[in-house]
Amino acid sequence: MQRADLDKRPVDVSSMFDGVAERYDLTNTLLSLGSDRRWRRLVTRALDLRRGDRVLDLAAGTGTSTEPFADLGARAVACDFSLGMLHVGRRRRPDLPFLAGDATRLPFADATFDAVTISFGLRNVVDPDAGLRELLRVTRPGGRLVVCEFSHPTWSPFRHVYDRYLLSVLPAVARRASSNPEAYDYLAESIQAWPDQAALAERLRAAGWDRVTWQDASGGIVALHSAVRPG
């Protein structure tokens, strides 16, 4: 498995997620102390979906993040490049459409979606900037993007506590809860290596997105970046 500060080979990252697919949702809830549910609600609210909207949920995993969109009446598509995740998702949520896809070469025509989103997945894309450009390509002019990703706590004392959690508590819990604990060593490293809120906003603008804003959640542990495709 490649370390987080080195080049991410898609085959390695895909294999890692295949290995954690069966218990992925449960492990995430345990590691986040249930905050993952609140983060999903924030994403749904930020997307501001209307009935009939076409929405792409990229890096959707088992479809846990996609389900609320469909419940609102949106035409939601769950897309992921881990076949293991897709297999579990199709079994658990047969009502959702699941498609395999690489974030840097999405299998959709230009301007297909009214809204696109990616939660906790951009960090794992081999070329995140190419992924942001692909999301722009498949979004209609005026369409919306929400990126939900781990970020950097804004209060320095809390940031130090959080860093200790990432390096010690998270791996210990993962060893008990996950079918592939080493994957969560990668998770901790990749979070620490990821750019902060302002830096990610600049990357969104550089990829062509407009009206970029963000809101912090859980003290900056997570940030939701919103943007609009110009035109």
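**Strand pairing, salt bridges and a charged patch**

Strand β5 (residues 139-150) and strand β7 (residues 222-228) run antiparallel and are joined by seven bridges. Within this pairing, E149 stands opposite A223 of β7. The model is predicted, with local features requiring pLDDT of at least 70 and side-chain atom pairs pLDDT 80 or more, while totals for chains, interfaces and linings use all residues. Residues are numbered from 1 along each chain as its sequence is written, and side-chain values use heavy atoms, without hydrogens and water.

An open sheet of seven strands has the order β3-β2-β1-β4-β5-β7-β6, with mixed pairing. Its edge strands, β3 (98-100) and β6 (210-217), each pair on one side only. Pairing requires at least two DSSP bridges between two strands; strands (E, at least two residues) and helices (H or I, at least four) are DSSP runs numbered from the N terminus.

Salt bridges (a side-chain nitrogen of Lys or Arg within 4 Å of a carboxyl oxygen of Asp or Glu) number 15. In one of them, D114 pairs with R54, and the closest N and O atoms are 3.4 Å apart. This pair links distant parts of the chain, with D114 in strand β4 (residues 113-119) and R54 in strand β1 (residues 54-58), 60 residues apart.

R41, located in helix α3 (residues 35-47), contributes to a positive surface patch together with R37, R38 and R45. Patch residues have over 30% relative accessible area and no salt bridge, and like charges are joined within 9 Å; areas come from the Shrake-Rupley method with a 1.4 Å probe. The place of an Arg charge is taken as CZ.

Technical notes
Patches are made of residues with over 30% relative accessible area and no salt bridge: like charges are joined within 9 Å, nonpolar side chains (Val, Leu, Ile, Met, Phe, Trp, Tyr) within 5 Å. Lys and Arg count as positive and Asp and Glu as negative; His and the chain ends are not counted.
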